[in-house]
2 protein chains.
Amino acid sequence: MFGFKYYTPTKVVFGKNTELKVAELIKEFKGTKVLIHYGGGSVVRSGLLKRVTDTLDAAGIAHVVLGGAVPNPHLSLVYEGIELVKKEGIDFLLAVGGGSAIDSAKAIGYGVANEGDVWDFYDYKRQAEGALPLGVILTIAATGSEMSDSSVITKEEGLVKRGYSSDFGRPKFAIMNPELTMTLPDYQTACGCTDIMMHTMERYFTNGGNMEITDALAEGLLKTVKKNALILAKDPKNYDARAEVMWAGSLAHNGLTGCGNDGGDWMTHKLEHELGGLYDVAHGAGLAAIWGSWARYVYKNCLHRFKKFALNVMEVEAIGTDEEIALKGIEAMEDFYREIKMPTNLRELGVKVTEEDLEIMAHKCAVGVGGAMGSALLLKEEDMLKIFEMSM
Amino acid sequence: MFGFKYYTPTKVVFGKNTELKVAELIKEFKGTKVLIHYGGGSVVRSGLLKRVTDTLDAAGIAHVVLGGAVPNPHLSLVYEGIELVKKEGIDFLLAVGGGSAIDSAKAIGYGVANEGDVWDFYDYKRQAEGALPLGVILTIAATGSEMSDSSVITKEEGLVKRGYSSDFGRPKFAIMNPELTMTLPDYQTACGCTDIMMHTMERYFTNGGNMEITDALAEGLLKTVKKNALILAKDPKNYDARAEVMWAGSLAHNGLTGCGNDGGDWMTHKLEHELGGLYDVAHGAGLAAIWGSWARYVYKNCLHRFKKFALNVMEVEAIGTDEEIALKGIEAMEDFYREIKMPTNLRELGVKVTEEDLEIMAHKCAVGVGGAMGSALLLKEEDMLKIFEMSM
């Protein structure tokens, strides 16, 4: 068991109609002029944006809007947001949407509060020393960005997708109304559930440290998401299932399910980031397409954890050798992906890759992680290439 | 499932030697002159206090000490602390100890930052509008006060024990080194484990709302504490078991295990507060002495939860009627209390109560909760008296 830091200062306000508390919360955190940052038109079409601006107007809080954050949000929009915030004298950021809008807003927040190029943080060149305060109204349960210290931005030039983590990026508040996620297409819901589970699985499959209580929380979370993802695949308007998945999404990535371990593995995410950078695929689907290949490549080096996962999360029967049980757990996870219509390889993901693409991705990934990374198994460039090849 | 707020801004630094980070953390939260508040002499004898003052001296942070916080901490010492802080121009509080020192420090923090008598907050007369910032070095895993919004103070005049909760009371940081808890007497360790489990059980036995994920976390936490309490009863120097219990203590009471419910039941705590006010018994032991009687009195009105507890936490066999299963769960919990040498009634607790005492406690309890309280079963004064009578 290792020592750890745990810091989740985000004030969560969860339940029906909670978006109407946005003005009150912004005032609590001293916001007077707000940039409302969002993604596509669904926030407009659903009437949510108007409800938010009406609430701010009624409270006398000035606001400017900036839409257009796309999945794998672009650095160019971040630059645009930084300019806009500076020009308008904005002192508070409000992201309305899912991980794309939140991550884009986090990057804007770093860019405003720090001198120089914001990409430096994502390029591992230096650390942020502050950020503009950020609140969130969440509309997609997936990335956990609403409570996490992480954000992921894609630089269009060279299609480089990079993550940056800093406590300054943690939102001041997160408004979570499960009803706002009810109209999400089934595919996006399934992508979200995959991403949520992967955030905890990345922390679970490690060879360093472990706490029983962390494992118990992680296993409980994974089983809950799995069960409710299957409910939502048939009954997407089920409020309780939406709520379970939404809250799990925050807990899966706020640090809770990694306390006492070595930081986790995270290689499925790193491999997917290359896919996402090159092909602009949905993050959750990309994770599902990679995970099984990664798991089969590494499980023998982390057998006790794969066995525990098989027994306690996938609830396979404890028959056979440890290796057989571990493999049954991996198969059961892939079966689950298929049940919620997630891909389990690149072909099902719908991307046509060449061997050369794989080599480029493996090389960029290896450079991105500084040569080698992974706790379940330390992966170098040649390992990354093999996993990509297995996933075709 | 109900809406909820979840707010745990406390920065946790967990692991060996983490107390040496105290100066760095106080600086992070802008403290320049510190009141170190602690309880008995063990903090002095163990050398911890000297390690802390040496660390502060080396960092150039001025400090004043105030010891003497007793279990069921006294209002008189709180008043003394408030005077001292004002006189010395202190801007940061550091509690070194368990719940008593932390709760006493929280009350001092309210008293300094608000006009008027600090007891008003504990007497339900008004709400605090701020508090002096507080950090914690935890030496006893029990009350969860290191991450919670709660504090409990006893007014010596009339022996009135009252709790007050406010987000302003949440500590800025909590340093948790499981090694600091290793020398704790077995009885106090068992009291702590009881208190920890009760914080989550109070949230678990409700008739209003519930989330599957919250239940999964609560059940995982309860099973982990139960298992590690039994390990510590035989092997008190087991670091990993100390760490599991210590982290569970914070999670059990920071709000996590109640998200989506109606706020919980809390009547075992309220009944124990009367015991603690009148007899100065250890809080955890008082809870254990009351809980079985409370459970038998209320379980039929909250049968689905008592059954779930029996199956998922106490892991009794699913044989018999729901009532039989529920009762087996209550019996298993009492067996566990006996295994860790906790009392299951007032006689075993070692207090000699008269019928008149019981009536006084029931009356004070009913007044304290505003007439009636409880989610598993709404209890009035006559119910409280019956539970006290059952627990003799």
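## A hairpin in chain A

Strand β6 (residues 150-155) of chain A pairs with strand β7 (residues 160-165) of chain A in the antiparallel sense, over 6 bridges. This description rests on a predicted model. Within the pair, A:T154 stands opposite A:K161 in β7(A).

The two strands form a hairpin with 4 residues between them. In this hairpin A:G158 takes a positive phi near 85 degrees.

## How the two chains are related

Two copies of a chain are related by a rotation about an axis and a shift along it. Here, a rotation of 180 degrees with 0.0 Å of shift along its axis superposes chain B on chain A, and the RMSD is 0.0 Å. The two copies are thus related as by a two-fold rotation axis. In chain B, the C-alpha nearest the axis belongs to B:P9 and is 1.9 Å from it. Both copies use the same surface, since 100% of the contact residues of chain B recur in chain A.

## Where the chains meet

How many residues of chain B are in contact with chain A? There are 31, and they are in contact with 31 residues of chain A. On the side of chain B that touches chain A, the elements giving two or more residues are β1 (4-14), α8 (212-234) and α9 (239-251) of chain B. Which of these elements gives the largest share? That is β1(B), with 10 residues. By class, the side of chain B that touches chain A holds 18 nonpolar, 6 polar and 7 charged residues.

Strand β1(B) also pairs with its counterpart in the other chain. Strand β1 (residues 4-14) of chain A and β1(B) run in the antiparallel sense and are joined over 7 bridges. One of the residues of this pairing is A:V12, whose bridge partner in β1(B) is B:Y6.

## A sheet that spans both chains

The pairing of β1(A) with β1(B) is part of an open sheet of 12 strands. Its order is β3(A)-β2(A)-β4(A)-β5(A)-β8(A)-β1(A)-β1(B)-β8(B)-β5(B)-β4(B)-β2(B)-β3(B), and the pairing is mixed. Which strands lie at the edges? They are β3 (62-66) of chain A and β3 (62-66) of chain B, each of which pairs on one side only. On average, neighbouring strands of this sheet are turned by 25 degrees against each other, direction ignored.

Within chain A, β1(A) is joined by 4 bridges to strand β8 (residues 173-176), and these two strands run parallel. Here A:V13 stands opposite A:I175 in β8(A).

## Helices α10 and α15

Two packed helices are described by the angle between their axes and the distance between the axes. In chain A, the axes of helix α10 (residues 267-279) and helix α15 (residues 355-368) come within 9 Å and cross at roughly 125 degrees. α10(A) and α15(A) are therefore oblique to each other, and their crossing is right-handed. The contact is made by A:K270, A:L271, A:E274, A:L275 and A:L278 of α10(A), and by A:D357, A:M361, A:K364, A:C365 and A:G368 of α15(A). These residues divide into 5 nonpolar, 1 polar and 4 charged.

In chain B, helix α10 (residues 267-279) and helix α15 (residues 355-368) pack at an angle of about 125 degrees, with their axes 9 Å apart. This pair is therefore oblique, with a right-handed crossing. By class, the contact of α10(B) with α15(B) has 5 nonpolar, 1 polar and 4 charged residues.

## Helices α4 and α5 of chain B

Helix α4 (residues 75-88) and helix α5 (residues 99-113) of chain B pack with their axes 9 Å apart, at an angle of about 55 degrees. That angle makes α4(B) oblique to α5(B). The crossing of α4(B) and α5(B) is right-handed.

From α4(B), the contact residues are B:L77, B:V78, B:G81, B:I82, B:V85 and B:K86. From α5(B), they are B:S104, B:A107, B:I108, B:G111 and B:V112. The contact of α4(B) with α5(B) has 7 nonpolar, 3 polar and 1 charged residues.

Methods: Residues are numbered from 1 along each chain as its sequence is written. Chains are lettered from A and ligands numbered from 1 in the order in which they are written. This is a predicted model: local features need pLDDT of at least 70, side-chain atom pairs count only at pLDDT 80 or more; totals for chains, interfaces and linings use all residues. Copies are superposed by least squares on the C-alpha atoms of residues with pLDDT of at least 70 in both. Two residues are in contact if their C-beta atoms, placed from the backbone, lie within 7 Å. Axes are lines fitted to C-alpha atoms, for helices over the stretch in contact, and angles run from 0 to 180 degrees between N-to-C directions. Angles under 35 degrees count as roughly parallel, over 145 as roughly antiparallel, 65 to 115 as roughly perpendicular and the rest as oblique. A crossing is left-handed if the near helix is turned anticlockwise from the far one by less than a right angle, and right-handed if clockwise. Ala, Val, Leu, Ile, Met, Phe, Trp, Tyr, Cys and Pro count as nonpolar, Asp, Glu, Lys and Arg as charged, and the others, Gly among them, as polar. Two strands pair if DSSP finds at least two bridges between them.
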